[in-house]
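User: Hi! I'd like to talk through a structure with you. Could you start with whatever term I'll need, then take my questions as they come?
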Amino acid sequence: MDPNSDNPNIQPTKYVVSKKLDDIFLTVYDIYQFILRFFKEVFLPPYEFKEIIHQCYEVGFKSLPLISLTGFITGVVFTNQSRPSLANFGATSWLPSLISIAIVRALAPLVTALIAAGKVGSNMGAELGSMKVTEQIDAMEVSATNPFKYLVVSRILATTFMIPLLVMYTAFVALMGAYLSVHTNEQTSFAMFFSQVFDSLSFLDLFSTSFKSTVFGFTIGVVGCYCGYNSTKGTEGVGKAANSAVVAAMFLIFVEEIVIVAIVNAFR
Amino acid sequence: MIQAEKAIDKNNPVISIRGLQKAFGSLHILRGVDLDVYKGENLVVLGRSGTGKSVLIKIISGLLLPDQGMVNVLGQEVAELRSRELMELRLKVGFSFQNSALYDSMTVRENLEFPLVRNSRNLKRSQINDEVESVLDAVGLLQTIEQMPSELSGGQRKRIGIARTLILRPEIMLYDEPTAGLDPITCIEINNLINEVQEKYKTTAIIITHDLTCAKETGDRIAMLLDGQFAIQGTFEEVFASEDARVQSFYNYNFTK
């Protein structure tokens, strides 16, 4: 029996379809409103330049050690895994071209975005979630500061600006790792290696990677901030916000990757 | 504690509420609240947990929207204000949160500077420092200026929270459970601070509490929220002279227990 059934203050809730479906549609509508609000607020003063720079530092500079390590290992491992297949056809001289295409087109944006989703997205979800449940966001609001602008807009801008830069950096570090592997096994010179790397890349590759990483950065920022900014239910909610931020951002990154690759291939 | 005669302007309500209703989903919290708060008075809102006391002050400060009814603060209808107008009104309405809501990644100094810098962008560094030190001195915690919130006690956090609202020189103070979770001595200090703030800064205040000692010490008038409405209003003695069983049980629970 419902313990509140005799409480005159409680009215039965009516759902349009079912609770679960209603919740899904409401969440989608909420996210749409959240993104719309971002685009409205981003152009209106006051501009939080100091906070944007601080967040760029947090997202970009503080991710460098992890990104460097992962990028380097990706380059080395991918080269070492590709070599035997090419060696079977006596085509190891094609390694630099193969590696550059794989790294620039797919590996660097994906690896960077997934790591950022885990590190930056969860951090945003937990930080904003904690601020929400401890009423720090309300405190900002009542002291006549727009918390959406200060907390959300600055973070989304930071991820949107910094993820493309991190992707470039990851690509560079991965190519350095690949060069080290190629040089050790094939004695290819640095100039030769990078000449082949750049010869095999087109403007479309660089453009699609830049576009893709900007979309990934925006997604990580929006999802992390949305989950944190709307978290409820105390400390349990903070954990859920951090977790949802990572899971949802990673899922969306894969979906966006598929869609963008399909579009780019249509132009190739 | 003997208080000086307060100048309460009974013809000048700074907050006026009529027929206020608020529900969360299927749960109806406020069911037609009427209330006037006069300039210069400390109004205590008493009630059990979950009766909508905090909801009431969150509606007054524009953090929540009412479902029905009128909430007029300093001559402005809160629900009808645009975002910019609401921001301007909030400069005049200070809100002290139950858990202080200090920004835990900032020092005490940065916590106090935050609202000031964002709302008075032309202030010089020396003016900001003077303001911060002045309000910290007013709450007696100047020595904590470089500390992090995590290094402060519960009572100190409450005081810093109050100082952060005072830095914008509000006309109205809203205190949400100012003595909740504090020891009896610290409760007395907070009660005294609320009275000192009113005296020094000439504020009008709504104090949300279920602590009858706090109500008695700080309230010029008590309003008791029962079943989503103000059942009874008056001085502390008038309210608890009532024969309403719900009021009596509240009093007995606090003082007999």
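Analyst: Happy to! One term first: a residue is called buried when its relative accessible area is under 20%, exposed when over 50%, and partly exposed in between. Please keep in mind that this is a predicted model.

User: Thanks. So is Lys212(A) buried or exposed?
Analyst: Lys212(A) is buried, because its relative accessibility is 3%.

User: What does its side chain pair with?
Analyst: The side chain of Lys212(A) forms a salt bridge with that of Glu257(A), at 3.4 Å from N to O. Lys212(A) belongs to helix H8 of chain A and Glu257(A) to helix H9 of chain A, so the bridge ties together parts 45 residues apart in sequence. Glu257(A) is buried too, with a relative accessible area of 10%.

User: Nice. What salt bridge does Arg268(A) make?
Analyst: Arg268(A) meets Asp205(A) in a salt bridge, 2.9 Å from N to O. That pair links distant parts of the chain, 63 residues apart: Asp205(A) is in helix H8 (residues 203-229) of chain A, and Arg268(A) is in the segment after H9. Asp205(A) is buried at 0% relative accessible area, whereas Arg268(A) counts as partly exposed at 43%.

User: Let's step back. What is chain A built from?
Analyst: Chain A has 9 helices and 0 strands. Of its 268 residues, 47% count as buried. The C-alpha trace spans about 80 × 45 × 35 Å along its principal axes.

User: Switching to the inside: how many residues are in the largest nonpolar core?
Analyst: It has 100 residues, and Leu56(B), Ile60(B) and Ile206(B) have the most contacts inside it. Helix H6 (residues 147-186) of chain A gives the most to this core, with 18 residues. Apart from it there is another core of 43 residues, including Leu102(B) and Met173(B).

User: What does Ile60(B) touch?
Analyst: Beyond its neighbours within four places in sequence, Ile60(B) is in contact with Ile15(B), Ile17(B), Val71(B), Val73(B), Val78(B), Leu174(B) and Ile206(B). Val71(B) lies in strand S4 (residues 68-73) of chain B, and is buried because its relative accessible area is 2%. Val71(B) and Ser16(B) are 55 residues apart in sequence, yet their C-alpha atoms are 6.0 Å apart.

User: What about strand S6 of chain B, which residues sit on each side?
Analyst: Val93(B) and Phe95(B) are on one side of S6(B), with Gly94(B) and Ser96(B) on the other, and all of them are buried. S6(B) runs parallel to strand S7 (residues 172-176) of chain B, joined by 4 bridges. Ser96(B) stands opposite Tyr175(B) in S7(B).

User: Last one: which residues of chain A does Arg118(B) touch?
Analyst: Arg118(B) touches Glu48(A), Thr145(A) and Tyr150(A), leaving out residues up to four places away in sequence. Arg118(B) is in helix H3 (residues 108-119) of chain B, and it counts as buried because its relative accessibility is 16%.

Note on methods:
Residues are numbered from 1 along each chain as its sequence is written. Chains are lettered from A and ligands numbered from 1 in the order in which they are written. This is a predicted model: local features need pLDDT of at least 70, side-chain atom pairs count only at pLDDT 80 or more; totals for chains, interfaces and linings use all residues. Side-chain values use heavy atoms; hydrogens and water are left out. Buried means under 20% relative accessible area, exposed over 50%, partly exposed in between (1.4 Å probe, protein chains only). Helices (H or I, at least four residues) and strands (E, at least two) are DSSP runs, numbered from the N terminus. Two strands pair if DSSP finds at least two bridges between them. A nonpolar core is a set of buried Ala, Val, Leu, Ile, Met, Phe, Trp, Tyr and Cys residues joined through side-chain atoms within 4.5 Å. Contact means heavy atoms within 4.5 Å. A salt bridge is a side-chain nitrogen of Lys or Arg within 4 Å of a carboxyl oxygen of Asp or Glu.
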